[in-house]
Amino acid sequence: MMLGVCYYPEHWPESMWQQDAQEMRQLGLQYVRIGEFAWSRIETCDGEYSFEWLDRAIETLANEGLQVIMCTPTATPPKWLIDKYPDILPVDIKTGTTRGFGSRRHYDFSSENYFREAMRISTVIAERYGKHPSVCGWQTDNEIACHDTTHSGSLVAKLAFQQWCKDYYQNDVEKLNTAWGNVFWSMEYQNFEQIELPILAVTETNPAHQLAYRRFSSDQVVKFHDAMVDIIRTHAPNRFVTHNFIPLVDTQTDNFALAKNLDFVSYDNYPLGRSDMFFKHMPAEQFKPYMRTGHPDFSSYSFDQSRGVSNKNFWVMEQQPGPVNWAHHNPRPEKGMVRLWSWQAFAHGADCVCYFRWRQVPFAQEQMHAGIKRNDNSKAAAWAEVEQMRDELAKVDFTISDPVQAKVAIVTGANSQWVTEIERQGDSYNHQRVEFAYYSALRQLGLAVDFVSVDHDLTPYALVVAPCLPIVPQAFVDKCQQAKVHLVIGPRSGSKTDELSLVPTLAPGVFQALVPVRVLSTETIRPDCSEVLHFNGAKFESQCWREELELADGVNVVATYHDGNPAVARHQNTSYVATLTCDIFLLEYFKTLATELDLTILTLPKDVRVVQRGQYTYLFNYAGYPQTVPSELQGQYVLGSASLAAYDVAIVKLA
Ligand code: GAL
């Protein structure tokens with residue numbers, strides 16, 4: 001378990017580098033990530049490279065024993081390149097206007113000019129530093145799906161999409177017309193050259209067309225990224241290659257596909273900035289306690305996904321050290337939270353946590369974003385917490401390969417998110433929030449959770465939960481049957497074909513082999529118009545999304561709607577939840593199920609979370625007051641104790 005930092009030597013006078021490097025070492029940092037936005041300084045104009053400053057920066061860091069993570073600078077193509085090849089700029093799909101130069105990520109994944117130039121600069125840098133003894137690893141680009149840049153409405157994107165459709169539908173335009181249902185509203189095409197992007201139409205475009213465009217756009221990103229990974233691997237033998245992902249549930253790229261050629265996934269953790277956006281629907285009285293901490297399950301939700309995407313340990317490449325600048329509101333973390341988030345990342349499978357950034361920069365877009373140091377070079381609030389991390393990490397004996405072992409898995413994937421975004425059926429369904437609600441309920445019971453794709457092996461699990469899986473491969477159903485897991489599927493699951501049409505046997509389609517029910521109708525309702533849900537003799541809430549179920553003989557009713565009709569049904573090892581519910585229902589429901597499945601659950605104080613990694617159990621108190629953990633968690637405490645202070649962490653080897 002190691003620490004690192006993101007550093008921008010090009011932002012500071014060279015006279016400061018030496019002291020920076022020395023202080024980084026003293027602070028216990030081992031890794032320094034550099035270079036991801038430095039293209040204009042590396043290649044000052046076409047073909048003219050200036051590497052001497054970067055050589056010296058690396059040397060300065062290396063002399064202090066620091067290891068460098070080098071990046072390809074492709075998130076920021078410089079002005080001279082844009083002027084030379086204007087088709088690099090992407091086109092906004094909502095307005096049809098070209099997105100301009102002057103920030104970052106201003107490139108179109110379908111621009112052949114950009115593809116070539118991005119691979120050229122990656123090659124030049126990888127050739128120069130690939131074998132450098134102090135460059136231990138590489139980061140590709142930067143947050144490749146961020147700022148809505150996966151989709152472009154450009155001419156080059158349209159031409160590439162037409163080619164993608166040709167390949168996908170084996171050069172048979174009738175096949176495409178039938179698959180999409182283009183006879184509806186006379187949308188039929190006579191040849192692939194007529195195909196439009198599904199943007200800027202008068203009203204809603206065909207959902208199948210939209211899904212194809214999303215798949216195509218994701219494939220373009222993966223193709224670009226894979227080519228870059230290949231270049232780095234060619235020139236940088238025995239170095240790791242990673243990418244810093246943004247939250248994995250909020251992306252237009254298939255993360256499982258993006259991660260497949262990486263050594264491990266990295267994640268950029270901004271719990272407060274992201275919470276401000278994710279929980280904006282939450283009433284103030286619920287949100288306020290977490291305003292400076294983030295929701296207790298919010299960071300770990302992303303950590304567990306990061307571990308899941310490549311099915312191994314991950315890194316945090318950027319950790320928020322203080323207020324950020326880009327959310328709707330940017331509070332400071334409570335004292336102790338930078339340490340807590342760092343430990344929580346390690347506990348959920350991180351091998352390294354890097355802080356963003358070393359020093360607050362006085363100029364340009366992120367001048368209000370905190371660093372470990374302030375722009376006058378004084379130590380900012382996070383400094384003391386990183387120091388504490390250094391000392392605590394040295395105290396405990398960790399085995400790096402210790403895995404998190406979960407008996408519960410959540411099935412996730414980009415297709416599911418895309419389907420729910422394309423086919424909204426009202427305003428009350430939000431895929432991320434639905435998935436988070438299921439995850440949070442499981443975590444509140446102290447259960448460790450893995451995130452898996454439909455292709456993943458299910459045999460390690462006792463409980464597999466698919467909060468939303470509209471498109472289901474038959475192979476997944478077979479796997480569930482063979483693995484003998486208990487499967488819980490949420491509403492909308494199994495409802496669509498691979499081309500986003502209704503399944504012929506009614507939802508949940510192929511899942512009917514496991515739970516013989518039929519969804520007769522679907523309604524969406526306002527979030528503030530919830531209705532009663534009866535379960536285990538108590539009353540809960542059904543809300544937002546409600547399906548009418550018809551049950552075959554032998555299917556049991558687990559919960560009912562206000563009108564007595566079935567809301568949750570079960571057949572043998574499979575349960576179908578036909579509605580969205582309140583959070584307390586999920587908690588009670590999983591408690592009952594976990595007891596039946598013999599999964600160990602805990603009764604934790606509110607805002608305390610527990611997770612086990614290897615031989616240690618990690619405890620976190622997100623509350624602003626002290627709390628004591630239950631007696632099952634007694635053992636040898638290697639950090640802290642069973643009495644947790646506000647925003648505190650403890651580590652115990654259970655008796
Ligand atoms: C990240 C990004 C960084 C920086 C940071 C600010 O998403 O990768 O470059 O912008 O946000 O919080």
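Let's start with Glu143. Glu143 sits in the loop between strand S6 (135-139) and helix H6 (155-168). Helices (H or I, at least four residues) and strands (E, at least two) are DSSP runs, numbered from the N terminus.

A word on the model. It is predicted: local features need pLDDT of at least 70, side-chain atom pairs count only at pLDDT 80 or more, and totals for chains, interfaces and linings use all residues. Residues are numbered from 1 along each chain as its sequence is written, and side-chain values use heavy atoms, leaving out hydrogens and water.

Why start there? The UniProt annotation "active site", from an unreviewed entry, covers Glu143 and Glu318. UniProt positions are in the numbering used here, feature names are shortened, and annotations may be inferred rather than shown by experiment.

Is Glu143 buried or exposed? Glu143 counts as buried, because its relative accessibility is 7%. Buried means under 20% relative accessible area, exposed over 50%, partly exposed in between (1.4 Å probe, protein chains only). Beyond its neighbours within four places in sequence, Glu143 is in contact with Arg105, His243, Asn244, Ile246, Asp268 and Glu318. Contact means heavy atoms within 4.5 Å.

Now Glu318. This residue is in strand S9 (residues 314-319). At 5% relative accessibility, Glu318 counts as buried. Setting aside neighbours within four places in sequence, its contacts include Cys6, Asn142, Glu143, Tyr267 and Phe356. The side chains of Glu318 and Arg33 are joined by a polar contact of 2.9 Å. A polar contact is a pair of N or O atoms within 3.5 Å; within protein, one must be able to donate a hydrogen and the other to accept it, and residues adjacent in sequence count only if both atoms are side-chain atoms.

Next, helix H3, residues 52-63. In H3, the buried residues are Trp53, Leu54, Ala57, Ile58, Thr60, Leu61 and Ala62. What covers them? The cover includes helix H1 (17-26), strand S2 (31-34), helix H2 (39-42), strand S5 (67-71), helix H5 (112-129) and S6. After H3 comes Gly65, with a positive phi near 80 degrees.

Last, a helix pair. Which residues of H12 meet H16? In H12, Phe298, Ser300, Tyr301, Asp304 and Gln305 meet Gln432, Glu435, Phe436, Tyr439 and Arg443 in H16.
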